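Subject: Structure handover

Hi,

Here is the structure I promised. Please open it alongside this note. My findings follow below.

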Amino acid sequence: MKYFLKHDLTYFLNFSDVWTCADWANQQNMDSRDVGIDLVVKLADEDGRKLPFAERTFCNH
């Protein structure tokens, strides 16, 4: 998913960077244990806001 968000034509213009939650937490000197957030994305806007991103896969049987 990280690769997809950084390279897909729909998304790469919206996000200037994408980290795993653990990588982002380590960079911030924070606890990197799993808290339900999979990725952190940095928006490619003037504010450079960062948003948590939880991956979910649904399967209809």
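Helices here are DSSP runs of H or I with at least four residues, numbered from the N terminus. On that numbering, M1 sits in the segment before α1 (2-7). Bear in mind that the model is predicted.

Surface patch

M1, F4 and Y11 make a nonpolar surface patch of about 280 Å². Patch members need over 30% relative accessible area. M1 has a relative accessible area of 45%, so it is partly exposed. F4 is partly exposed too, at 40%. Y11 comes in at 32%, again partly exposed.

Aromatic pairs

How many aromatic pairs does the structure hold? There are two. F4 and Y11 form a tilted pair. Their centres are 5.6 Å apart, with 55° between the planes. Y11 also pairs with F15, and that pair is stacked. Here the figures are 6.1 Å centre to centre and 10° between the planes. Planes under 30 degrees apart count as stacked, so the Y11 and F15 pair gets that label.

Together, F4, Y11 and F15 form one aromatic cluster.

Buried or exposed: which is F15? F15 counts as buried, because its relative accessibility is 14% and the cut-off for buried is under 20%. Y11, its stacked partner, is partly exposed.

Best wishes

Notes: Residues are numbered from 1 along each chain as its sequence is written. This is a predicted model: local features need pLDDT of at least 70, side-chain atom pairs count only at pLDDT 80 or more; totals for chains, interfaces and linings use all residues. Side-chain values use heavy atoms; hydrogens and water are left out. Patches are made of residues with over 30% relative accessible area and no salt bridge: like charges are joined within 9 Å, nonpolar side chains (Val, Leu, Ile, Met, Phe, Trp, Tyr) within 5 Å. Accessible areas come from the Shrake-Rupley method with a 1.4 Å probe; for residues, only the protein chains shown count as cover. A salt bridge is a side-chain nitrogen of Lys or Arg within 4 Å of a carboxyl oxygen of Asp or Glu. Helices (H or I, at least four residues) and strands (E, at least two) are DSSP runs, numbered from the N terminus. Buried means under 20% relative accessible area, exposed over 50%, partly exposed in between (1.4 Å probe, protein chains only). Rings of Phe, Tyr and Trp (its six-membered ring) pair if their centres lie within 6.5 Å; planes under 30 degrees apart count as stacked, over 60 as edge-to-face and the rest as tilted.
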